[in-house]
Amino acid sequence: MAHLRTLCELKRWRMRRVEGPVGVPPPTPWRGLLPMPCALCGMTTRGAGLCRLCHDMVQGKQGNGVRCARCALVLHPQETCPDCLVTLGSFDRVIAAFDYDAPASLLIHRLKAQRRFTDVPLLTNLLANAIASAWPDLPVNLWLVPVPASARSIRQRGFNPAADVARLLARRLKMAYRPSLVRRVTDGVKQATLGREARLMATARLYHLAGNVQGAHIAIVDDVLTTGSTMHSIARMLKRGGAASVHGLVLARTQRRHG
Ligand SMILES: [Zn+2]
Ligand SMILES: [Zn+2]
């Protein structure tokens, strides 16, 4: 009977997953128990996640080389971080789950381009693991604020990946989820087409603050950190509003291409 009940509950969970609202991660009670395919290589592994080999490939690279302590960019020995020269004075620090590099970049691509919402718990877990090891003295009253998506990308994707991750991460860390604190004013120019200076100028006008942040400890959640211009603009606005600290929590940190 217990076995039958288990099967019925599993069926109900699957139905909820299919029928649930768009972008809302499925409930997780079974995910750590059942053998399921690795999200990257397909090899059977315990729970909905990555096999050991893929996990090490995704998060194992982070120990390699000298990194900027503030934005996690890999640096040459003795090099001053070029990104932080531009964005200094805004966010305190960025923690990334992994580098935006193969094979981890495939997880981001599937989430954003293929709308694979079922990867949100896996990606959130990877980020939570990175936070646990990089930020042990997490403030107990941290607010998690997703970077608002443009109306254009909401139309294209039907959801905001940063908001899905922030919502689940807040639940996992038992912190406040504040999705309406930062609002996007306008779509602006597509940032991928702009250079660094132009990006900074464009992003500064994109967001506005919709609440009191005096003395608050805030973490801005985003899927990918590229140059840091978005993080910089929002963090600077929050600091000007009186926030005590502003950190960035991102799934992936883009690194420079060499050669
Ligand atoms: Zn694998
Ligand atoms: Zn840096």
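Some ground rules. Residues are numbered from 1 along each chain as its sequence is written, and chains are lettered from A and ligands numbered from 1 in the order in which they are written. Because the model is predicted, local features need pLDDT of at least 70, side-chain atom pairs count only at pLDDT 80 or more, and totals for chains, interfaces and linings use all residues.

Let's start with the whole protein. There are 9 helices and 11 strands. Helices here are DSSP runs of H or I with at least four residues, strands are runs of E with at least two, and both are numbered from the N terminus. The protein has 259 residues, and buried ones make up 35% of them. Buried means 20 or more other C-beta atoms within 10 Å of the residue's own; exposed means 12 or fewer; partly exposed is in between, with C-beta atoms placed from the backbone.

Next, contacts. Two residues are in contact if their C-beta atoms, placed from the backbone, lie within 7 Å. Take the contacts with a separation of 6 or more: 70% of them join residues 24 or more positions apart.

Now the sheet. In what order do the strands of the open sheet run? The order is 5-11-10-6-7, five strands with parallel pairing. Pairing requires that DSSP finds at least two bridges between two strands. Strand 5 and strand 7 (176-177) are the edges, each pairing on one side only.

Go to strand 10, residues 217-225. Of its 9 residues, 7 are buried, so strand 10 is largely enclosed by the rest of the structure. On one side, 5 bridges join strand 10 to strand 6 (residues 142-146), in parallel. There, L142 stands opposite H217. Strand 10 also pairs with strand 11, again parallel, over 8 bridges. In that pairing, I220 sits opposite G248. How does the chain get from strand 10 to strand 11? It passes through helix 9 (residues 229-240), making a right-handed β-α-β crossover. Right-handed means that, with the strands pointing away from the viewer, the path from the first strand over the helix to the second runs clockwise. Helix 9 itself lies across strand 5, strand 10 and strand 11, at about 170 degrees to strand 10. For angles like this, axes are lines fitted to C-alpha atoms, for helices over the stretch in contact, and values run from 0 to 180 degrees between N-to-C directions.

Strand 6 and strand 7 run parallel, joined by 2 bridges. L144 stands opposite Y177. Helix 5 also packs on the sheet, touching strand 5 and strand 11, and its direction makes about 130 degrees with that of strand 5.

Stay with helix 5 (120-134). The expected span is 1.5 Å times one less than the number of residues. For the 15 residues of helix 5 that gives 21 Å, and the end C-alpha atoms are 21 Å apart, so the two agree. Its buried residues include L123, L126, L127 and I131. The buried residues of helix 5 pack against helix 2 (52-59), strand 5 (93-99), helix 4, helix 7 and strand 11 (245-253).

That brings us to the core. A nonpolar core is a set of buried Ala, Val, Leu, Ile, Met, Phe, Trp, Tyr and Cys residues joined through C-beta atoms within 7 Å. The largest one has 60 residues, and L123, L127, V165, L169, I218, I220 and V221 touch the most other members. Which helix gives the most to this core? Helix 7, residues 161-173, with 8 residues. Look at L169: leaving out residues up to four places away in sequence, it touches T124, L127, A128, L144, V221 and L249.

Most residues other than glycine have a negative phi, and most peptide bonds are trans. A102 and P103 are joined by a cis peptide bond, with omega about 5 degrees. P103 lies in the loop between strand 5 and helix 4. Q78, not a glycine, has a positive phi near 70 degrees. Q78 counts as exposed because it has 6 C-beta neighbours inside 10 Å. K174, in the loop between helix 7 and strand 7, has a positive phi of about 60 degrees. K174 is exposed too, with 8 C-beta neighbours inside 10 Å.
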